[in-house]
Amino acid sequence: MADPVDQARFWDDRFASDDYVFGTEPNAFLKREIACLPAGGRVLAVADGEGRNGVYLAQQGFDVVATDISFTGIAKARRLASERGVTLTLEQVDLAQYAWPDAGFDAVVAIFVQFADPALRASMFAGFAQTLRPGGILMLEGYRPEQLEYGTGGPPHEQNMYTEDLLRTAFADWDVLALDSYDADIREGSGHGGMSALIDLVACKPD
């Protein structure tokens, strides 16, 4: 796993500008599938960066906890929440050391968590299962390996990308509500721009 101090420094540096690197509008997949989430439920937004998704969830009436490793990202998320007139809980968290609350959430939202190598990914997926209540919803979007050919976002590490087989295996005991692989032109700030190889998962933790 990557050194958490290096990771925090990397993201602090990346988020240092006044601009929001990934924009201030919610991820298209989250916006499209938000009806899958239990109305008014408690939602964990994992590695939420500068807060665009967590703030959007709060605007829709959810009780939101948004985490990120970057102090700078958390500060910008707090600013965005203030500008939008909503409140949410913001926590500076290293996911490699996170104490996932047992059955603490009705939903987990994990968008482009592609810094996670296979070891951290396995730990993170186990954390999702631990922290979701029975019947809870996981919404996850990431890049497929084909993203390396596009080069329009994400790290240059194929091992960090998702495939349908990987996700079906990881969540074999869950009720998979949607699993879609597709290419789309996305525009999310300066960080994500252009044709991208995406994969979306919506899954329900078994009762």
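Predicted model: local features only at pLDDT ≥ 70, side-chain atom pairs only at ≥ 80, totals over all residues.

Me: Okay, pockets to start. What volume does the largest pocket have?
Reply: The largest pocket comes to about 800 Å³.

Me: How many residues line the largest pocket, and which lie nearest its centre?
Reply: The lining has 41 residues, and those nearest the centre are W11, F112, V113, Q114 and F115.

Me: Which element gives the most to that lining?
Reply: That's α1, with 5 residues. At least two residues each come from α1 (4-14), β1 (42-46), α3 (52-59) and β4 (105-111).

Me: And how do the lining residues of the largest pocket divide into nonpolar, polar and charged?
Reply: There are 22 nonpolar, 12 polar and 7 charged residues in the lining of the largest pocket.

Me: What about the second largest pocket, what's its volume?
Reply: About 150 Å³ for the second largest pocket. It is lined by 15 residues, and P26, N27, A28, I186 and E188 are the closest to its centre.

Me: Which elements supply at least two residues of that lining?
Reply: α2 (28-33) and β6 (175-188) do. The biggest share is from β6, which gives 5 residues. By class, the lining of the second largest pocket has 8 nonpolar, 1 polar and 6 charged residues.

Me: What's the phi of F112?
Reply: F112 has a phi of about 55°, which is positive although F112 is not a glycine. For background, most residues other than glycine have a negative phi.

Me: Which other residue has a positive phi, then?
Reply: A47 is one, with a phi near 50°. You'll find A47 in the loop between β1 and α3. A47 counts as buried because its relative accessibility is 17%, and the cut-off for buried is under 20%.

Me: Which residues in α4 are buried?
Reply: In α4, the buried ones are G73, I74, K76, A77, L80 and A81. They cover an arc of only 165° around the axis, so they're on the same side of α4.

Me: And what does the face turned away from that buried side carry?
Reply: That face of α4 carries the exposed residues F71, S82 and E83.

Me: What do the buried residues of α4 pack against?
Reply: They pack against α3, β2 (63-68) and β3 (89-92).

Me: Now α5. How many residues does it have, and how far does it reach?
Reply: α5 has 14 residues and reaches 20 Å from its first C-alpha to its last, close to the 20 Å expected.

Me: Which residues of α5 are buried?
Reply: L120, R121, M124, F125, G127, F128 and T131 are buried in α5. Their arc around the axis is only 155°, which puts them on the same side of α5. The buried residues of α5 pack against β1, β4, β5 and α7.

Me: You mentioned β5. Where does E141 lie, and is it buried or exposed?
Reply: E141 lies in strand β5, which runs over residues 132-143. Its relative accessibility is 2%, so E141 counts as buried.

Me: What is E141 in contact with, leaving aside neighbours within four places in sequence?
Reply: Among its contacts are N27, F29, F112, Q114, Y162, Y182 and D200.

Me: Last one: where is N160 found?
Reply: N160 is in the loop between α6 (147-150) and α7 (164-170). At 3% relative accessibility, N160 counts as buried.

Definitions and conventions:
Residues numbered from 1 in each chain as written. Heavy atoms only, no water. Helix = DSSP H or I, 4+ residues; strand = E, 2+ residues; numbered from the N terminus. Buried < 20%, exposed > 50% of the residue type's maximum accessible area, 1.4 Å probe, protein only. 1 Å grid on protein atoms, 1.4 Å probe; cavity = no way out; pocket = protein on both sides within 12 Å on 5 of 7 lines; lining within 4 Å. Points joined across faces, edges and corners; volume = space filled by probe spheres on them. Nonpolar A, V, L, I, M, F, W, Y, C, P; charged D, E, K, R; others polar. Arc of directions from axis to C-beta. Contact = heavy atoms within 4.5 Å. Expected span 1.5 Å × (residues − 1).
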